[in-house]
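Here is a predicted model.

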Amino acid sequence: MPPLPGQSVAVWIRRTFRSRKALSGVTQWFIDWGIPIALLIGVVWVFGARRSEKGWSGIYRTFTLIDPPAHVSSWVASVLGWLLVPALIGGVAGHVIAARMQRVKEIATNHLFQQRGLGRRLKLPGRITFLESLHLKSAEDQEFLDRYVRRAHRGDWKKAQDHWEVLVRDVLCTVDLAELDRTEALESAESFARAVMWMTGYQDKCLVCTARTDHP
């Protein structure tokens with residue numbers, strides 16, 4: 001059961017995107033919704049500035065509701081400035097304040113007596129493990145690959161990698177890992193996903209395959 005040659009760019013991007021579930025709720029929200037909304041605003045801004053006689057300053061004044069809109073793109077910019085931006089800022093601020101107030105006296109057991117510096121707080125969680133990188137790494141890893149790839153997925157590396165990422169991603173969404181550090185959350189999720197494969201009830205089976213078969 002030799003692994004496939006290398007990792008494609010699409011798989012690398014997919015692993016990175018699915019690994020975002022190890023981040024906090026606000027950070028996940030910015031990746032899922034904040035970036036697309038920012039891109040939308042950027043497109044409207046550039047397109048409107050090209051059509052406006054006043055250029056960048058004109059679309060800025062429309063966006064900030066100083067001047068009335070003069071054409072379709074400036075109307076879109078006006079609506080975004082009037083409705084979307086205040087709603088997003090207020091929603092994020094409200095969520096952060098409510099979460100902080102709720103957890104003001106809650107300390108997860110894994111955080112007791114620990115000092116978390118700025119570097120640890122800003123450290124990225126890494127990416128979900130690329131299964132082919134475990135090939136011939138250790139006897140335990142090889143046995144896991146034998147069970148998960150060769151037996152559970154009939155040697156289909158691409159399908160096994162996809163389902164492995166889905167399994168780890170969904171485990172990251174559970175309440176039990178919500179309070180963990182982003183790096184610890186990813187490590188714990190992968191450890192749990194591996195443990196599932198050793199359970200007798202799921203031997204030589206994939207939870208993702210089973211779920212998709214029962215609920216296509």
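Q: Which residues of helix H6 are buried?
A: Helix H6 spans residues 139-151, and its buried residues are Asp 141, Phe 144, Leu 145, Arg 147, Tyr 148 and Val 149. Buried means under 20% relative accessible area.

Q: What covers the buried residues of H6?
A: The cover includes helix H7 (157-172) and helix H8 (182-198). Covering rests on contact, meaning heavy atoms within 4.5 Å.

Q: Why is Trp 82 called exposed?
A: Its relative accessibility is 57%. The cut-off for exposed is over 50%. Therefore Trp 82 counts as exposed. This residue sits in helix H4, residues 72-102.

Q: What makes the nonpolar surface patch?
A: Leu 65, Trp 75, Val 79, Trp 82 and Leu 83 make it, over about 560 Å². Patch residues need over 30% relative accessible area. Trp 82 has 57%.

Q: Which secondary structure does the protein chain have?
A: Nine helices and zero strands. Along the sequence the pattern reads α-α-α-α-α-α-α-α-α.

Q: How many of the contacts between residues at least 6 apart in sequence join residues at least 24 apart?
A: In the protein chain, 64% of them do.

Q: What share of the protein chain counts as buried?
A: Of its 216 residues, 34% do. The test is again under 20% relative accessible area.

Q: What part of the accessible surface belongs to carbon and sulfur atoms?
A: The protein chain has an accessible surface of about 13,900 Å², and 62% of that belongs to carbon and sulfur.

Terms used. Residues numbered from 1 in each chain as written. Predicted model: local features only at pLDDT ≥ 70, side-chain atom pairs only at ≥ 80, totals over all residues. Heavy atoms only, no water. Helix = DSSP H or I, 4+ residues; strand = E, 2+ residues; numbered from the N terminus. Buried < 20%, exposed > 50% of the residue type's maximum accessible area, 1.4 Å probe, protein only. Areas by Shrake-Rupley, 256 points an atom, 1.4 Å probe, with all protein chains shown as cover. Patch = residues over 30% accessible without salt bridge, like charges linked within 9 Å, V, L, I, M, F, W, Y side chains within 5 Å. Salt bridge = Lys/Arg side-chain N within 4 Å of Asp/Glu carboxyl O.
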